[in-house]
Amino acid sequence: MHDRAGRLRRRLRALRPHPPTPLIQALAAFDCPGVAQVVHWRGNHSSSVFGVVVAIRTITVGLAQRHPIEGAVLREAASVAHRLGARFVEAGYEVQTVRLATQPVFGQVPDLAEYAARLQHVMDEEGIGYLSLGPGQAARPGFDLDQLAGIADMLAACEALSCTVQIGTSEHGVRAAAAVAAARVVGELAAATPKGVGNFRFAVLAEVGPGHPFFPAAYHEGPGAFSLGLQSAGVVAEALSGIPGELDPAKITERVRGALTEQVLPVVRLAEKLATEVGLPFAGIDLSPAPHGDTSIGRAIEHAIAGPFGAPGTLSAAAAITQALRSVQVSRVGYCGLMLPVMEDTTLARAWESGGIDLHQLLAYSAVCGTGLDTVPLPGDTPVEEVARILMDVAALAVRLRKPLSARLFPVPGAGPGDRTDFGSPYLVDVRLPG
């Protein structure tokens, strides 16, 4: 089994090798072990009528087994993930990463730090740079918040691993003490990892269920399955680049739906075929148009409103795009909403620096579309209590609207209001911190 995984990785590296993309360079900067073996797989897919071909950001394999998971089970899952990646590449698609997601680990193993180190070792051997250990379900009144105390040290030591904390659900409401405990983890990760990048692999959730392919929110429940997440912000921007006249939400929805349907249907058909081939069900696809740098969802919205991101009409355009995502007739999983990560999208970063958007506007937009607050920079000395209140705002909105939202906040060590971040990574856009 291990030899087969090695053969698959060698086969992938032989398939139309490309120079490293900005994504691979950035993830290498985060020292994600094995990522360089998977990020730059690229086939030779023909162009669409819209001129942009969708990339597959992630193939995420969900494991059915409860923790502790044996190394042989992880190796088999990794082998399946590599096999799926190879087959998509053969079909002509760019596959940026393959990932594994498990059931929530908290409360399942006696020594989480030791167990995490063993998982990291297997991921290193198998060339998998992403393994999600799921959320601590801290919204539940009986969840012991002391279980969260070791998260920062674990993620700092094990760079392929990610996890989350869920602080709000419609069943239990928002647990304030859990928000404070999660805020402490955010601060500890900022201090324990270079320039605070450990928070790239940690998020705080509310109303987020299993089956999301995007990290760090991904976790799994039930029988094993795989899901897909796309990097499709460029497809949306291309669809809206020539939209005429005044803001027209119906026209936005129509054009985006058409562009995504054209791109996504062949991907889904192939995924369904491969599910039979590898013996693992296909759960569905998250149509959230993940951006990356100049492949910008912010730019798409600027096309739609004929103005800068954050101007009047931004929320309306965001709602119209989300309506398009949720009307594409395929098996959907995950958020299927707009992602607005401040430091992963050059247009959003520019709007943040100019004061065109702020944290509260982003939260308002998430009421009609996306994933909450993502890669939002904060001064390094932001008090735990303030971070906790931000997290409770996100959770309150998620619970009230019964929609999944998350928060990935980046306190920047040593930086204060007005200072510019210096991550030194082409994957994160450096911005000035709010004054």
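Reply: Once its neighbours within four places in sequence are set aside, Leu84 is in contact (heavy atoms within 4.5 Å) with Ile59, Val61, Phe226, Leu274 and Val278. The model is predicted, with local features requiring pLDDT of at least 70 and side-chain atom pairs pLDDT 80 or more, while totals for chains, interfaces and linings use all residues. Residues are numbered from 1 along each chain as its sequence is written, and side-chain values use heavy atoms, with hydrogens and water left out.

Leu84 belongs to helix H3, which spans residues 71-90; helices (H or I, at least four residues) and strands (E, at least two) are DSSP runs numbered from the N terminus. Leu84 counts as buried because its relative accessibility is 0%, where buried means under 20% relative accessible area, exposed over 50% and partly exposed in between, with a 1.4 Å probe and protein chains only. Glu277 stands 193 residues away from Leu84 along the chain, yet the C-alpha atoms of the two are separated by 9.3 Å.

The loop between strand S1 (55-62) and H3 holds His67, and this residue also counts as buried, because its relative accessibility is 6%. The side chain of His67 makes a polar contact of 2.8 Å with the side chain of Thr102; such a contact is a pair of N or O atoms within 3.5 Å, of which, within protein, one must be able to donate a hydrogen and the other to accept it, and residues adjacent in sequence count only if both atoms are side-chain atoms. A polar atom of the His67 side chain also lies 2.9 Å from the backbone oxygen of Gln103. Beyond four places in sequence, the residues in contact with His67 include Pro104, Val105, Gln108, Val109, Tyr115 and Leu133, besides Thr102 and Gln103.
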